[in-house]
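Have the model open as you read.

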Amino acid sequence: MRSGITSRGRRVLGEEVGIRRADARDTKRLTRLVRTSGAYEGPYAPMVAGYRVGHDYVETHRVFAAVGESSDRLLGFYALILDPPELDLMFVADDAQGAGIGRVLIGHLRDEAHEAGLAEVRIVSHPPAEGFYRSVGARRTGTVWAAPPAVMWDRPELMLPVT
């Protein structure tokens, strides 16, 4: 098991959940989590089919992983871009959804954004995830229109207050 836990969440799925900075050793697991996400089945599948979270990505951005502290099992992750402030990626393992991992990640994101001096963070949401983001305090600000062939559907744009 790796150390580096920077924040402790709550007990979920039988173990304590910690948040740590992701690194190059995590990229295969992060990529697998994106590509196998049940939220991207059906018409959404092409968007993640060839997606890769590479070493350069985790070195360039603030990528944080939610892990089981005793197992180092990847439960979810997010990526925060500081300039301009945006949540670039957020995924929770299918079998961990509904257990509070997303809320733990959003809480950590808010702490990171606050420390960086940000007042709010933009989110361009996967359409089925809009309800989750609104439930944690994000407000809808508009729509990002489809941009074929990369993205074939319109996406909700939201702003998440940091404080």
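What do the side chains of Glu-86 and Arg-122 meet in? They meet in a salt bridge, at 3.3 Å from N to O; the term means a side-chain nitrogen of Lys or Arg within 4 Å of a carboxyl oxygen of Asp or Glu. Glu-86 sits in strand S5 and Arg-122 in strand S6, so this pair ties together parts 36 residues apart in sequence. Strands here are DSSP runs of E, at least two residues long, and helices are runs of H or I of at least four, numbered from the N terminus.

This is a predicted model, where local features need pLDDT of at least 70, side-chain atom pairs count only at pLDDT 80 or more, and totals for chains, interfaces and linings use all residues. Residues are numbered from 1 along each chain as its sequence is written, and side-chain values use heavy atoms, with hydrogens and water left out.

The salt-bridge count comes to 12. Here are three of them:

| Pair | N to O distance |
|---|---|
| Asp-26 and Arg-29 | 3.3 Å |
| Glu-86 and Arg-122 | 3.3 Å |
| Glu-120 and Arg-139 | 3.1 Å |

Glu-120 in strand S6 and Arg-139 in strand S7 are 19 residues apart. Asp-26 and Arg-29 also belong to a salt-bridge network with Arg-20 and Asp-72.

How about burial? Buried means under 20% relative accessible area, exposed over 50%, and partly exposed in between (1.4 Å probe, protein chains only). Asp-26 is buried at 2%, while Arg-29 is partly exposed at 22%. Glu-86 is buried at 17%, and Arg-122 is partly exposed at 25%.
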